[in-house]
Amino acid sequence: MKTLAILNGPNLDRLGKREPEVYGRATLADIEAALRAEFGGRVQLEFFQSNHEGALIDRINALADAPDPKVAGIVINPGGLTHTSVALRDSLVGSALPVIEVHLSNIHRREAFRQHSYCAGAAVGVIAGLGIEGYFAAVRYFLRS
Ligand code: DHK
């Protein structure tokens, strides 16, 4: 069975409470439960959330250095680090693992500063604006690829 890492960055621990009109009412625990319910028998899902850039980078580097079989892919919502972090991008590129970047909101309809993603260049694909469906679509992609 494949293993996928589902990584979430800063402030995504407050999903459900934080700007629900933008990010929805589902909590991160709700998303994890829904993904496990949908895909549990078909793929092993490893969830990790941190508000700290370095902790995310440490996790990605550990995934990259893990003995084979490594995770089959990374689904990451980098939160605000999307728009700021060269270091996170470098870690994703350096991992040589396939990455899908997910955003709950459509970052391209929002403030100008959200319309550039440092991480997108490290990703095979980017999903934005589909709410929690974006995580489902990303996992489905890895299951089929
Ligand atoms: C989540 C965040 O926390 C923001 O900083 C990004 C992203 C957008 C999202 O839509 O999931 O700009």
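**Close-up 1. The largest pocket and the residues that line it.** In this predicted model, 16 residues line the largest pocket. Those nearest the pocket centre are Arg18, Tyr23, Gly79, Gly80 and Arg114. The pocket holds about 170 Å³ of space. Sorted by class, its lining is made up of eight polar, five nonpolar and three charged residues. What takes up this space? The ligand does: the space it takes is the largest pocket.

**Close-up 2. The shell of residues around the ligand.** Here we turn to the ligand and its neighbours. Arg18 and Tyr23 are found around the ligand, together with Asn77, Gly79, Gly80 and His83. Taken by class, the shell has six polar residues, three nonpolar ones and three charged ones.

**Close-up 3. Polar atoms facing the ligand's oxygen atoms.** Which residue places an N or O atom of its side chain 2.7 Å from an oxygen atom of the ligand? That residue is His83. Arg18 also takes part through its side chain, with a polar atom 2.9 Å from a ligand oxygen. Gly80 contributes through its backbone instead, where an N or O atom lies 3.1 Å from an oxygen atom of the ligand. On its own, the ligand has 310 Å² of accessible area, and the protein covers 97% of it.

**Close-up 4. A cis peptide bond at Pro69.** Have a look at the bond between Asp68 and Pro69: this peptide bond is cis, with omega at about 0 degrees. Where does Pro69 sit? Its place is in the loop that runs between α3 (53-65) and β3 (73-77).

**Close-up 5. Asn11 and its positive phi.** Asn11 is not a glycine, yet its phi is positive, at about 75 degrees. This residue belongs to the loop between β1 (2-8) and α1 (20-23).

Key: Residues numbered from 1 in each chain as written. Predicted model: local features only at pLDDT ≥ 70, side-chain atom pairs only at ≥ 80, totals over all residues. Heavy atoms only, no water. Near = heavy atom within 4 Å. Polar contact = N/O pair within 3.5 Å; in protein donor to acceptor, adjacent residues only side chain to side chain. Areas by Shrake-Rupley, 256 points an atom, 1.4 Å probe, with all protein chains shown as cover. 1 Å grid on protein atoms, 1.4 Å probe; cavity = no way out; pocket = protein on both sides within 12 Å on 5 of 7 lines; lining within 4 Å. Sits in = over half its atoms within 2 Å of the grid points. Nonpolar A, V, L, I, M, F, W, Y, C, P; charged D, E, K, R; others polar. Points joined across faces, edges and corners; volume = space filled by probe spheres on them. Helix = DSSP H or I, 4+ residues; strand = E, 2+ residues; numbered from the N terminus.
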